[in-house]
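Dear colleague,

I am passing on to you the structure we talked about, and below it I have written up what was found. Please keep the model open while you read, so that you can look up each place as it comes.

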Amino acid sequence: MFQNQYETVFILTPVLSEAQMKDAVEKFKSVLTDNGAELVNEEHWGLRKLAYPIQHKSTGYYQLFEFKAEPTLIATLETEYKRDERIMRFLTTKLDKFGIDYANRRKNGKIGKKNQDAPKESQNA
């Protein structure tokens, strides 16, 4: 059974209640697990401002899943995204070895933080 590592990000419409949003996330999580995918990481990024309006909305709920699955599962997952009216946008990418390394560092909190051990520049210059 050949499996690749993928990450998928989708944006849910902001008019959903908290319960409806969690229900939608659980639906897509079950689509993955029911079809044999192994969830590696899940991140809820919350309500964020969009770069440009989508469907006359300027915000959306962002969700990320990182998973290992067979390549045939991606078509099934994206068909489910297209059928669900709560999804405004989605993107699924296959991670190469550099993408996997970056995802692991992000998961461990090493991305986006300043190096605390670096020597400070002198103020006298």
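**Overall fold**

Read along its sequence, the protein follows the pattern β-α-β-β-α-β-α, which comes to 3 helices and 4 strands. Please bear in mind from the start that this is a predicted model. Of the 125 residues in the protein, 36% are buried, and the accessible surface comes to about 8,500 Å², with 49% of it belonging to carbon and sulfur atoms. If you take the contacts between residues at least 6 apart in sequence, 73% of them join residues at least 24 apart.

**The sheet and the helices on it**

The 4 strands make an open sheet in the order E2-E3-E1-E4, with antiparallel pairing. Strand E2 (38-54) and strand E4 (87-94) stand at the edges, and because each has a single partner strand, one side of each is left without a neighbour in the sheet. On average, and with direction ignored, neighbouring strands of this sheet are turned by 20 degrees against each other.

Helix H1 lies across E1, E2, E3 and E4, and runs at about 25 degrees to E3. Helix H2 (residues 72-83) also packs on the sheet, where it touches E1, E3 and E4, and its direction makes about 170 degrees with that of E4.

**Aromatic rings**

The structure holds 7 aromatic pairs. One of them is formed by Phe 10 and Phe 28, a tilted pair with 5.3 Å from centre to centre and 55 degrees between the planes. This pair links distant parts of the chain, since Phe 10 sits in strand E1 (residues 4-12) and Phe 28 in helix H1 (residues 18-34), 18 residues apart. Phe 10 is buried, with a relative accessible area of 0%, and Phe 28, at 0% relative accessibility, counts as buried too.

Phe 10 also pairs with Phe 65: the ring centres are 5.8 Å apart and the planes are at 45 degrees, so this pair is tilted. It again links distant parts of the chain, with Phe 10 in strand E1 and Phe 65 in strand E3 (residues 57-69), 55 residues apart. Phe 65 counts as buried because its relative accessibility is 0%, and buried means under 20%. Phe 10, Phe 28, Phe 65, Tyr 81 and Phe 90 form one aromatic cluster.

In soluble globular proteins, nonpolar side chains tend to be buried together. The largest nonpolar core in this model has 20 residues, and those that touch the most other members are Phe 10, Leu 12, Phe 28, Leu 32, Phe 65, Phe 67 and Leu 77. E1, H1, E3 and H2 are the elements that give two or more residues to this core, and H1 gives the most, with 6 residues. What does Leu 32 contact, leaving aside its neighbours within four places in sequence? Leu 32 is in contact with Ala 37, Leu 39, Phe 65, Phe 67, Leu 73 and Leu 77. There is also a second, separate core of 7 residues, which includes Val 9, Leu 50, Ile 54 and Leu 64.

With best wishes

Definitions and conventions
Residues are numbered from 1 along each chain as its sequence is written. This is a predicted model: local features need pLDDT of at least 70, side-chain atom pairs count only at pLDDT 80 or more; totals for chains, interfaces and linings use all residues. Side-chain values use heavy atoms; hydrogens and water are left out. Buried means under 20% relative accessible area, exposed over 50%, partly exposed in between (1.4 Å probe, protein chains only). Contact means heavy atoms within 4.5 Å. Accessible areas come from the Shrake-Rupley method with a 1.4 Å probe; for residues, only the protein chains shown count as cover. Rings of Phe, Tyr and Trp (its six-membered ring) pair if their centres lie within 6.5 Å; planes under 30 degrees apart count as stacked, over 60 as edge-to-face and the rest as tilted. Two strands pair if DSSP finds at least two bridges between them. Axes are lines fitted to C-alpha atoms, for helices over the stretch in contact, and angles run from 0 to 180 degrees between N-to-C directions. A nonpolar core is a set of buried Ala, Val, Leu, Ile, Met, Phe, Trp, Tyr and Cys residues joined through side-chain atoms within 4.5 Å.
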